[in-house]
Amino acid sequence: MTERRLLFLGCLVLSLGSLPNLARATPAHSPWPGGIAIVDIGAADQPPPVASFDNKPLLVMNKDDRWQAVVGVPLDTPPGALSISVGGRDVAVDVVEHSYPEQRLTVKNKSYVSPDQEQLDRIGRERKIIDAALGRFRISTTDSIELAAPVDGPRSSSFGLRRFFNEQPRAPHKGMDIAAPGGTPILAPRGGIISATGEYFFNGNTVIVDHGQGFVTMYCHLSNIAVEEGQSVAAGEVIGAVGATGRVTGPHLHFGTYLNGAAVDPAILLPPP
């Protein structure tokens, strides 16, 4: 009996050892608000067709000799048919219902809940910079949208939460919070170009990375920034360190992922923890 148990455990270890390879498979079709719709748009024996949604170009990748359009579904998208344009023709995508819970947080610094006019003006200026970086589309080629984890640590399922700060309602949370000690290095989850860095009112020290074709990642609340705007970074390169700057309740990394300017759940793009 003991030998059989040892054999079983050995087989189990071997099976678990193969899981990381499975985890690196292409993220799955997840057509709900805050999710990703992956649409087959034809054989890859011809140049990729031009695809767009809401007048914004879409990422198109070659997967198994098929062109696939990758659509970031905005959080405010109602269930039902969503139409994308592919080579001048309309293609329907069915968006399914998906609900997110609520979260209530207490923020001691009241200015982060009710900013004064000077702070509101600053927030407006910063919003233009951030939105421009998150909506950037740079022509490139790719066969994958999978990401490595930028930092190790417990991942909250906070994406999409309708947040209340000091009982005042705010916009849904558009990222994943990863708990890690202050100073922990943050690694680029794939190669790209730094499209923006800065110290922003709500986000604190922030880095935004353009991975091409409207695929963008954002890192907030950093203790320091290790890169500069316009710099190319390779996967695994240090871009900064975990901190507690901006509107936070403690040290952590806010990790945001965007496609065609829409925030999507990072959990869809990451391997399991």
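Student: Which residue does D210 meet in a salt bridge?
Tutor: Keep in mind that this is a predicted model. A salt bridge needs a Lys or Arg nitrogen within 4 Å of an Asp or Glu carboxyl oxygen. Here the N to O distance is 2.9 Å, and the partner of D210 is R138.

Student: How many residues apart are D210 and R138?
Tutor: D210 sits in strand β14, while R138 is in the loop between α3 and β9. So the pair links distant parts of the chain, and the separation is 72 residues.

Student: Is D210 buried or exposed?
Tutor: Buried means under 20% relative accessible area. R138, at 22%, counts as partly exposed. D210 has a relative accessible area of 0%, so D210 is buried.

Student: What about R122 and E126, where do both lie?
Tutor: Their side chains meet in a salt bridge at 2.6 Å, N to O. They are 4 residues apart, about one turn of the helix, and that helix is α3.

Student: Is E126 buried or partly exposed?
Tutor: The cut-off for buried is under 20%. R122 has 25%, so R122 is partly exposed. E126 has 10% relative accessibility, so E126 counts as buried.

Student: Which residues are linked with R122 in a network of salt bridges?
Tutor: We've already seen R122 pair with E126. R122 also meets E199 in a salt bridge, at 3.1 Å, N to O. E199 is in strand β13, so this pair ties together parts that are 77 residues apart in sequence. The residues networked with R122 are E126 and E199.

Note on methods. Residues numbered from 1 in each chain as written. Predicted model: local features only at pLDDT ≥ 70, side-chain atom pairs only at ≥ 80, totals over all residues. Heavy atoms only, no water. Helix = DSSP H or I, 4+ residues; strand = E, 2+ residues; numbered from the N terminus. Buried < 20%, exposed > 50% of the residue type's maximum accessible area, 1.4 Å probe, protein only.
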